[in-house]
Amino acid sequence: MAQDERIINIEHLSKSFGDKKVLDDINLYVRRGEFLTLLGPSGCGKTTLLRMIAGFLQPDEGVITLDGRNIEGIPPHKRPLNTVFQRYALFPHLDVYDNIAFGLKLRKTPEDEIDRRIRKVLKLVAMSDYEDRDVETLSGGQQQRIAIARAIVNQPKVLLLDEPLAALDLKMRKDMQIELKEMHRKLGITFIYVTHDQEEALTLSDTIVVINEGKIQQAGTPADIYNEPVNSFVADFIGESNILNGTMIRDKEVSFIGHDFKCVDSGFGEDMPVDVVIRPEDIYFTDSDTKAQFTATVKSCTFKGVHYEMFVDTDKGYELMIQDYDAYEAGEEVKLYIKPGDIQVMRKERTENTYEGSVVADGKVEFLDTEFECSTEGFAPGDKVLVSVAFKKVDLLDHDDEAATVGNVEFILYKGDHYHLTVRTESGEKIWVDTNDIWDKNDYVGIRILPKDIRLTKLQENG
Amino acid sequence: MKASRVISKAYLWLVLIILYAPIAFIAVFSFTEAKSLGNWTGFSTALYRNLFTGSMQNSSALLSALENTLLIALIASLVATMLGTVAAIGIFNLKGKKKATMNFLNNIPMINPDIITGVSLFLLFVFLHISQGYTTVILAHITFCTPYVVLNVLPKLSQLNPNIYEAALDLGATPMQALRKVLVPALRPGMISGFILSFTMSLDDFAVTFFTRGTIGLDTLSTYIYADARKGGLTPELKPLMTIIFLIILAVLLIINMRQSKSSDKQ
Amino acid sequence: MGKRSNWALPYFIFLVLFVVLPLLLIVVYALQDGSGHFTLANIAKFFSDGDSLGTFALSIEVAIENTLLCILIGYPAAYILADKSLNRSAVTVVLFILPMWVNALMRTLATAELFTMAGIQLGKGTLLFGMCYDYLPFMIYPIYNVLDKMDKSYAEAAQDLGATPGEVFRKITLPLSMPGVMSGVMMVFMPTVSTFAISEFLTNNKIKLFGTIIQENINNSMWNYGAALSLIMLVIIGITTVLQGDNKQEAMGGAV
């Protein structure tokens with residue numbers, strides 16, 4: 001792609017607040033005229049990224065270029081960008097007209113041109129005749145339109161929108177989504193849009209950038225992201241999905257939920273553990289025994305407006321979510337199949353917990369800022385070691401008297417027959433846990449690992 | 001960026017130094033025996049000793065003024081806190097014109113300068129032929145303290161889940177229990193800050209006390225200082241007393257502030 | 001128990017008895033002569049008495065000057081205190097409001113003493129500066145309160161629309177902080193007009209302010225004339241309150 005198609009280019013951008021790294025080595029470009037969405041859960045760093053583009057925050061490392069020019073050190077008021085703020089930030093002491101005229105007046109635009117442009121932009125946001133209104137008398141949706149008008153009247157090269165619809169109710173949000181899309185088409189300005197609402201992102205965007213924990217997880221078109229999520233976080237965050245442990249038997253053959261399936265992926269190697277994503281609408285019912293790949297019992301069936309959402313227990317004891325236009329009653333035995341092209345295979349990010357630790361005494365090893373008991377045969381106190389603990393060998397307790405350390409449940413993934421939890425420990429590190437117990441997000445848990453489940457290997461030291 | 005921080009800091013410190021100069025002046029000269037304020041006759045803790053042993057001229061007058069000040073402040077701010085809290089709950093549940101009227105009336109004592117409050121109450125007591133003394137001073141202090149309690153409690157009420165009181169009733173609490181166990185704990189922070197504000201305003205009051213204390217010779221610290229200063233010689237032991245009061249208020253405020261910032265950190 | 005809106009009733013009665021009735025009594029006494037007959041003589045006396053008028057004019061003048069001085073010194077201080085990039089400590093804010101709670105008379109006496117020690121003649125200059133000491137915290141606190149609670153996104157939005165830091169201050173921060181300035185004015189202006197002991201201490205009895213005349217009349221049992229002077233002050237309070245709108249409650253809520 002030609003360089004000048006990129007209006008914004010971001011390279012190796014990092015930012016920390018205190019000890020917390022909120023953005024970590026972000027690389028990203030924005031095409032001229034596109035509608036790009038930064039999507040992620042709250043606290044993922046998306047707003048920080050937007051504020052750095054706007055100039056309200058300075059990056060610790062990295063470069064942002066606008067039209068090929070490094071904009072480091074250029075204060076916000078000199079950047080040819082405008083922002084639509086989260087809670088609109090309309091100036092309460094100015095009326096609608098003066099709010100919109102604010103930027104133009106600062107630029108000493110002639111009165112009659114200000115007038116003309118304001119009329120035009122008010123028409124665009126369908127708020128003509130509101131010039132003299134006090135902004136505080138406007139409804140949320142109307143304030144939203146004025147905030148957009150105030151930004152686009154300055155004809156910015158890029159419009160930044162920070163969760164602009166978050167404060168609106170559902171109906172209003174849907175209407176505004178359509179209008180935003182329409183405005184983007186009419187104006188031809190580049191939009192960078194921040195949201196935590198995946199549906200909004202899928203509806204509006206040309207490009208979606210999924211961010212989690214300060215890192216870009218995946219960037220692509222809505223279809224790419226939905227159909228081919230690169231990891232279980234993206235799969236879980238975008239749309240509904242069944243995420244399952246599987247094994248790549250060989251190229252184009254994968255095993256999960258106790259059955260072997262044909263798929264289209266290759267290059268993973270043989271007998272490799274993988275994550276498998278199946279969208280609920282990609283599991284099909286059939287009457288034909290030859291077509292059926294496995295059977296299941298319907299557990300529940302709920303009508304969702306257009307389709308039915310069903311939970312089934314498979315013959316090998318896994319739970320799957322299925323969406324279909326036909327309803328199958330609870331208790332019914334059904335035959336199911338999945339097409340090879342609908343099976344999304346992803347490399348596992350990790351297969352067990354590993355930490356750098358050190359042997360502190362005979363039978364004692366330290367990692368996660370905690371001392372654990374385990375066999376230290378073959379190691380001497382002071383040795384640096386690599387500690388491995390299998391996901392399912394970590395016990396979570398609801399009290400901390402027997403626990404070695406404690407943490408909070410950060411992320412929960414259901415994998416068909418067990419939960420895969422991400423737990424943030426007291427030391428700020430993460431430990432991944434497979435469990436059948438039901439925990440909630442943010443639960444405070446005790447963490448226990450039995451001595452026999454801790455495996456030590458010698459850590460290769462450099463020099 | 002750096003320069004503006006340095007200039008800002010310097011400005012703040014300059015203003016603080018000016019603000020605290022008189023207070024520091026009192027504190028410094030509380031450690032010498034001289035009678036008048038600007039006179040240094042060598043370091044001594046004699047004034048403090050006199051204060052605590054009560055061995056000084058006018059000792060009984062000064063101590064009774066101190067006692068009156070504290071007692072009046074305590075009674076007035078306790079009553080104001082109770083009256084103001086009940087009133088705030090009532091005002092919060094009022095609507096329309098009635099609510100506006102109550103808010104307007106509640107604002108009057110805060111807008112009125114002390115002297116107007118003092119003169120108007122003086123005329124009231126004269127008009128009703130009430131002999132002035134302890135009771136009238138306390139009533140007057142309640143008058144100017146209660147509005148601040150109301151103002152500190154009202155925001156807590158609007159933060160409160162409107163169903164919390166009904167929920168308590170639903171779970172079997174009597175109205176009185178619901179008030180004690182649910183409403184009061186939720187309002188407590190506002191009540192406490194209202195109480196402290198009332199207490200300190202009552203301590204510091206001069207004008208209102210001056211007009212409502214009558215002619216029975218009732219003195220608070222303020223009126224005592226005023227009379228003393230008009231006579232020409234300030235009782236030297238006032239200096240250590242003021243220093244001690246200042247330090248106590250400083251400590252209380254800092255503790256409250258640290259607790260507040262701690263609890264807001266947690267959120 | 002009844003309706004909870006009824007809980008306002010005791011306080012309503014209290015307010016009528018101890019606020020409304022006393023204020024009405026000021027009007028009644030002001031319009032009566034010593035034997036209880038209706039008269040306008042007290043009011044007329046004020047307008048024909050050069051001394052009273054002069055003191056009144058001087059009081060207003062001093063109050064205006066003091067108020068301006070407080071804004072001039074207090075606004076920058078409040079601004080710095082509220083700016084998180086310039087001041088991160090909440091303790092500094094406490095230090096600024098703390099002098100409000102030190103006995104004003106004692107503080108004033110010490111101030112006067114400081115002036116004397118520094119060889120400064122007690123008079124109008126010391127009166128102004130002394131008053132400014134006394135009332136500065138009352139100006140700083142409400143302005144700080146408004147600035148501190150102001151949504152930072154207003155300033156950012158203005159910057160985003162092309163305003164330089166100076167323009168952000170002139171066009172956004174300053175106009176939005178006016179309610180704070182107004183309540184500061186409210187808390188400095190009228191009290192300055194009506195102080196009595198403070199002005200005497202600061203000028204060694206050389207300069208009398210309006211409050212002193214009221215106090216002298218009341219103390220000398222000239223209640224009717226004292227009430228008339230109070231009434232004049234009430235009228236001014238009424239006018240300034242209507243002009244400024246009452247922002248005081250917002251600014252002083254949660255002062256601790």
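Analyst: Happy to! Two residues are in contact here if their C-beta atoms, placed from the backbone, lie within 7 Å. With that in hand, two pairs of chains are in contact, and chains B and C share the most contacts. Before going on: this is a predicted model, in which local features need pLDDT of at least 70 and side-chain atom pairs count only at pLDDT 80 or more, while totals for chains, interfaces and linings use all residues. Residues are numbered from 1 along each chain as its sequence is written, and chains are lettered from A, with ligands numbered from 1, in the order in which they are written.

Let us settle on chain C. Chain C has twelve helices and zero strands (helices are DSSP runs of H or I with at least four residues, strands are E runs of at least two, and both are numbered from the N terminus). Its C-alpha atoms fill a box of roughly 70 × 65 × 35 Å along the principal axes. Among contacts in chain C between residues at least 6 apart in sequence, 73% join residues at least 24 apart.

Now for the neighbours. Where chain C meets chain A, the contact takes 16 residues from chain C and 17 residues from chain A. On the chain C side, the elements giving two or more residues are α7 (152-160) and α8 (165-194). Of the elements on that side, α7(C) gives the most, with seven residues. By class, this side of chain C has eight nonpolar, four polar and four charged residues; Ala, Val, Leu, Ile, Met, Phe, Trp, Tyr, Cys and Pro count as nonpolar, Asp, Glu, Lys and Arg as charged, and the others, Gly among them, as polar.

And how do chains A and B stand to each other? No contact joins chain A and chain B. Their closest C-alpha atoms lie 13 Å apart.
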